Amino acid sequence: MTLCMTMCLGDYVPVGQGLCVSVHVRLCVPINLEREDATCMGVWNCIYLTLYLSVAEGAWYCGKGPELGIRRPEFKFWLCHLIVVWSLVNPFTSLSLSFLMCKMRRMDLSYFQLWHLLCSLHPLAMGLLLDSHRRRALARLLLRLNTPLCVVSYLAGVFWFLGLAFSPLTQNTYISENAMGSTMVEEQFEGGEHALNFARDFTAQRRKTGSLPVAWLERTMRSVGLEVYSQSFSRTLPFPDETHERYMVSGTNVYGILRAPRAASTESLVLVVPSSPETLNAQAVGLLLSLAAYFRSQIYWAKDIIFLVTEHDLLGTEAWLEAYHDVNITGMQSSALQGRAGAIQAAVALELNSDVVTSLDVAVEGLNGQLPNLDLLNLFHAFCQKEALLCTLQGKLQHSDWASLGGSLHGLQTLMLMVLRQASGRPHGPHGLFLRYHVEAITLRGINSFRQYKYDMTAVGKTLEGMFRKLNNLLERLHQSYFFYLLPSLSRFVSIGLYMPAIGFLLFIPGLKALELWVKLNKADFGPEEQLGPNHSLVQPFGQDARGVALTPLVAPVLISQATGLALYLLPVMGQHVAAQHFPVAEAEAVVLTLLAIYVAGLALPHSTHRVVSSTPRGPDSGWMALKLVALLYLAIQLGCISLFNFSLGFLLAVTMVPAAALTQPSGPRFLYAVLLVLVSPGATLLGSLFLWRELQEAPLTLAEGWQLFLSALAQGVLDHHLYGALLFPLLSLGLYPCWLLFWNVLFWK
Amino acid sequence: MAMAAPLVLHLLLALLLGLGGQSRAEPERDSLREELVLTPLPSGDVSATFQFRTRWDSELQREGVSHYRLFPKVLGQLISKYSVQELHLSLTQGFWRTRFWGQPFLQAPAGAELWVWFQNSVADVDKSWKELSNILSGIFCASLNFIDSTNTVTPTASFKPLGLANGTNHHFLRYAVLPREVVCTENLTPWKKLLPCSSKAGLSVLLKAERLFHTSYHSQAVHIRPVCRDAHCVSVSWELRQTLTVVFDAYTTGQGKKDWSLFRMFSRTITEACPLASQSYVYVDISRNGQENESLEVSPPPTSTYQAVILGDRKTYAVYDLLNLATFSGSRSLNLQLKWRQLQDIGSQLVPFLHAQRYVSGYGLQKGELSTVLHNTHPYRAFPVLLLETVPWYLRLYVHTLAITTKGKENKPSYIHYQPAQDRLRPHLLEMLIQLPANSVTKVSIQFERALLKWTEYTPDPNHGFYVSPSVLSALVPNLVGAKPANWEESPLFSTMFPTSDSSSYFVRLYTEPLLVNLPTPDFSMPYNVICLTCTVVAVCYGSFYNLLTRTFHLEEPKRSRLVRWLANIIRRIRGVPPV
């Protein structure tokens with residue numbers, strides 16, 4: 001049908017495309033929706049379809065006009081314009097319709113609408129670009145409106161993001177997974193006291209042995225009827241970790257498997273408690289053992305349950321996960337696992353350090369900004385409500401009145417905290433490491449603050465019991481709900497379809513600027529109209545070589561900046577011993593200081609290579625314009641890719657780097673530009689984020705504290721990359737920093 | 001006509017008499033023997049194994065056998081119709097944990113397993129196999145009808161006939177496992193109905209579904225094979241063994257205590273033997289791995305004990321003969337009880353010589369690795385293991401990555417048979433004979449790529465994962481103690497199932513756990529998205545191209561590109577417009 005229609009439409013093909021695309025998109029939309037929405041959309045589709053068909057018919061007549069004896073050229077003209085207007089109107093109809101639906105049906109603005117928007121714009125663009133008249137007009141328009149468009153787009157992006165916490169863009173969470181639906185059972189865990197006894201024993205044993213009391217744990221787990229195994233591991237860090245005070249780490253993980261009756265050990269769930277010298281998590285270990293004893297005497301388990309106690313918190317978890325999946329990603333030395341229990345379906349990490357808790361905090365952000373399926377969080381939230389527990393997200397309680405301005409602002413604060421934590425790409429708890437293996441996981445932290453009302457272990461245990469029973473019911477891996485979301489509070493979320501436009505608006509700016517530069521570089525194409533005849537510019541798209549971009553002068557800056565990036569990535573860790581020998585600093589400090597030194601040294605690199613290399617002058621400005629064009633495209637591509645897998649990081653970088661990148665040029669107030677550019681460099685963004693983070697947590701930093709925190713964050717970032725495979729460090733040093741250097745180069749081109 | 005009727009009657013009478021005479025001359029004897037073995041397992045759990053042996057001295061393969069007594073008619077007819085040489089079917093829920101429970105009498109893989117030897121006379125084995133599995137599916141209410149070419153293999157060495165056989169041409173063997181099969185009461189009921197006493201009398205009284213499915217492991221099986229009728233082995237008898245093994249979790253049922261009784265396990269007691277049975281025994285394993293016997297106490301005290309070397313170890317059984325009235329002398333029913341005098345430490349248990357573990361390694365949805373780890377814990381004897389792996393076609397094995405390592409060194413298999421898979425037709429089959437050195441761990445690993453299925457080929461729950469059937473290990477494991485070959489017809493239990501010629505080792509067949517592998521799964525609204533996107537791309541590309549081709553080019557500038565003119569002229573020629 002598509003092809004037939006396109007062929008019928010004769011020489012006004014863009015219309016045909018637009019129609020076909022829109023028809024297809026329209027036809028496909030309802031399938032993705034819920035039933036009521038589908039019928040509702042179905043009606044709209046019919047209307048759309050009829051409209052389109054009538055227009056198509058008109059266009060067909062129009063194309064075949066002369067043959068059919070219709071001699072009304074103005075009809076064709078009119079029709080074309082109608083279609084252009086229609087293409088313009090269509091996306092807005094589509095958008096507004098979606099918003100309507102959002103409001104009415106709690107529906108998500110799906111990608112189809114966005115796609116539709118783009119597709120509807122396509123005929124317009126094609127129509128404009130393929131015609132030299134219109135192309136010239138568009139170019140002029142682009143040049144004239146470029147700056148206002150950029151400003152509008154930037155503001156739209158920022159305000160869209162700020163608006164994410166407000167009610168039309170957030171939705172209430174709901175459990176999508178059928179198997180975890182309504183519950184009929186009552187939690188019967190009563191082992192709170194038991195758990196505290198275990199915890200006291202554990203603390204005593206821990207003190208006696210000085211490390212994880214492996215033998216005691218094995219004995220206790222065996223006595224409650226588990227199959228017990230242990231795993232030893234060791235890892236030498238690339239450089240000493242000063243925050244955790246460790247360098248050569250060796251430890252033992254202990255785990256016990258509860259075998260489900262009449263199951264062949266194909267699926268399992270994990271309850272993991274990290275224990276390290278700083279945070280003992282004795283109460284969590286106690287609760288784990290007590291839960292194990294209780295779970296063991298139940299008969300309803302369909303999946304094996306692994307009770308895991310890891311030493312050296314995340315390192316132990318990483319070692320265990322690598323051994324369980326028999327891979328070696330990070331250079332961890334560990335013994336092979338003796339007992340396994342099939343594919344892990346879900347995991348819950350527990351951190352408790354007090355006998356009573358006032359609230360439970362949940363962490364979702366994992367390695368590289370990965371998030372667990374939203375259903376797992378919903379499950380936790382459901383049990384919070386059922387057990388009447390206080391549950392927090394990012395350490396923030398939910399505001400009582402969501403609809404009020406205060407509530408929304410509170411939500412925005414929580415959302416900002418989440419964005420900052422997600423952007424850091426660190427695993428915020430042991431659960432973060434499970435996500436790589438496609439195991440949905442969250443971390444629960446018991447908080448004991450000064451609030452009066454406290455919950456005992458039994459309440460926490462009941463919550464866990466309920467969660468595990470629900471997870472036990474799962475027929476499939478959690479997949480029904482969202483994997484990409486932002487959370488302004490525990491009960492509300494923003495889906496990917498709604499937050500992506502924010503970054504879309506921001507990334508529109510480099511595109512616009514690049515287009516402007518391109519147009520300027522090919523200036524003669526779009527000269528005043530009287531020089532070129534109205535109908536004869538067809539040659540240009542095919543054979544232009546007189547003008548264009550000279551790439552030779554760009555090679556040197558691009559290579560130099562990439563090499564600096566590589567040095568930034570490799571040298572600090574490789575050269576730590578050399579640095580420690582020659583300067584009175586420790587290895588960890590040496591790494592950080594080398595990092596900063598190379599970073600700053602990058603600014604002082606030669607910026608006038610083009611004077612040596614370039615031979616054919618193409619105008620005074622063409623050199624830096626070309627470099628800026630390349631840099632802008634490079635930036636846009638990088639940010640686009642980053643925002644696909646870690647929206648927060650992409651957005652944070654885009655919101656800072658894009659305006660500076662767009663403004664940079666080697667003329668005008670260059671000092672101002674330089675200051676701006678330094679302020680938005682990735683390193684400065686990190687520093688700023690730290691201050692913002694603490695500000696949002698209502699624990700503002702002084703400048704000195706901030707600097708210390710910044711240095712330790714740098715060291716942690718490098719360590720995270722080497723220990724867990726976090727991508728932030730290589731991403732910044734190999735991708736964004738060189739790109740930023742290119743802009744620096746542009747600034748000092750002359 | 002009137003004369004003819006008495007003649008026919010005479011003929012019929014003569015025929016009947018003749019037949020009767022014949023049967024009197026050579027009676028088709030059949031017998032039933034029922035056994036129950038109760039074994040306290042090293043982990044503290046209790047396993048109960050029932051075995052019902054029906055033996056029939058009849059030429060079943062000959063057509064025309066119509067009078068059935070103890071042997072179930074439905075199975076007899078099946079054997080004669082499809083010329084079955086041997087049939088082994090097991091339905092299992094759960095997994096026998098060899099490492100903690102010790103060597104099983106007869107392990108079965110989780111799910112359904114069926115293997116059949118056909119007679120040499122069968123022309124189209126695949127057709128018979130298909131029909132047979134469908135009929136069995138009906139008889140046992142199991143999804144055996146899902147057995148097709150994609151999960152059937154013909155192992156060359158792992159499965160030998162267990163009964164009398166003329167030849168062992170493996171082309172007449174078919175083997176299939178359905179790891180996904182869920183076994184429940186609807187499978188138990190037809191199995192019970194095959195028993196001569198059904199569940200009305202004898203040991204089968206204990207087979208109460210509610211209790212049998214309240215266990216850690218449940219496995220029921222049917223084995224049919226031809227055996228020698230007597231020591232001379234001139235003629236053939238048919239043997240049907242129905243076995244059922246359950247493992248009771250002593251921990252959850254006993255509130256931490258490991259004592260048990262028949263009533264607590266089955267919520268029934270034994271009142272009598274099956275009247276049709278010629279033998280009816282209950283054995284209780286009271287051997288304590290060479291330690292003192294005082295640690296456990298059985299009540300009522302057994303009438304006799306029986307000592308034998310079973311599965312490589314010397315065992316002592318307390319024997320209760322149900323046909324002997326003295327067994328019931330104290331009370332009207334027999335409620336066996338076992339009490340532990342002192343709690344033994346679970347930690348110091350004897351690990352069996354051979355056990356194995358299997359898992360999928362790697363992460364992500366593109367590649368992965370199947371690893372099988374084989375443990376030989378014998379302190380000084382090496383022994384070979386025959387490993388059979390059946391992998392579905394949608395895991396594309398990279399055979400060059402097959403690695404067998406023992407103690408860090410490569411271990412070359414002495415026999416290897418690999419049959420590659422064909423997409424949607426047959427699975428991979430990999431058989432290897434591997435020598436396991438003494439006290440060693442051997443890892444067999446092979447990498448695979450996860451295939452992208454067609455979107456109609458996914459199961460209704462694709463995110464659950466796809467099952468990979470367990471690997472099968474067949475081995476002759478060295479005995480712990482020397483044994484003299486017993487008279488295998490008379491000895492109880494399963495030792496008669498796998499006759500051993502060598503006294504220093506015993507045959508064991510182990511299965512590893514099945515695996516659950518996630519395949520790349522589309523979002524199932526995705527096909528529509530794909531259609532939509534593809535159409536759009538086609539429309540956009542085609543449209544642009546078509547636009548380029550059909551546009552009327554007016555070139556007024558003298559400087560023209562040749563390419564354009566060339567293109568334009570071609571198009572003009574096509575359109576029938578004079579060229580520029």
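Over which residues of chain A does pLDDT stay under 50? In this predicted model, that stretch is residues 1-46 of chain A, which has 95 contacts beyond four places in sequence. Here pLDDT is the predictor's confidence in each residue, from 0 to 100, and a contact means heavy atoms within 4.5 Å. Residues are numbered from 1 along each chain as its sequence is written, and chains are lettered from A in the order in which they are written. Local features need pLDDT of at least 70, side-chain atom pairs count only at pLDDT 80 or more, totals for chains, interfaces and linings use all residues, and side-chain values use heavy atoms, without hydrogens and water.

**Confidence in chain A**
- Chain A has a mean pLDDT of 79, with 76% of its residues at 70 or more.
- The pLDDT is also below 50 over residues 100-112 of chain A, a stretch with 32 contacts in the model beyond near neighbours in sequence.

**Strand E10 of chain A**
- Six of the eight residues of strand E10 (residues 440-447) of chain A are buried; buried means under 20% relative accessible area, exposed over 50% and partly exposed in between, with a 1.4 Å probe and protein chains only.
- Helices (H or I, at least four residues) and strands (E, at least two) are DSSP runs, numbered from the N terminus.
- Two strands pair if DSSP finds at least two bridges between them.
- E10(A) pairs in the parallel sense with strand E7 (residues 343-351) of chain A over six bridges, and Arg445(A) is the bridge partner of Glu351(A).
- With strand E8 (residues 359-363) of chain A, E10(A) pairs in the antiparallel sense over five bridges, and Leu444(A) is the bridge partner of Val362(A).

**Aromatic pairs**
- Rings of Phe, Tyr and Trp (its six-membered ring) pair if their centres lie within 6.5 Å; planes under 30 degrees apart count as stacked, over 60 as edge-to-face and the rest as tilted.
- By this rule there are 41 aromatic pairs over all chains.
- The ring centres of Trp96(B) and Tyr217(B) are 5.4 Å apart and their planes stand at 75°, so this pair is edge-to-face.
- Trp96(B) lies in the loop between E3 and helix H3 (98-101) of chain B and Tyr217(B) in strand E7 of chain B, so the pair ties together parts 121 residues apart in sequence.
- Trp96(B) is buried at 4% relative accessible area, and Tyr217(B) is buried at 0%.

**Charge over a ring**
- The charged end of Arg469(A) sits over the ring of Tyr300(A), 3.7 Å from its centre; this requires NZ of Lys or CZ of Arg within 6 Å of the ring centre and within 35 degrees of the ring normal.
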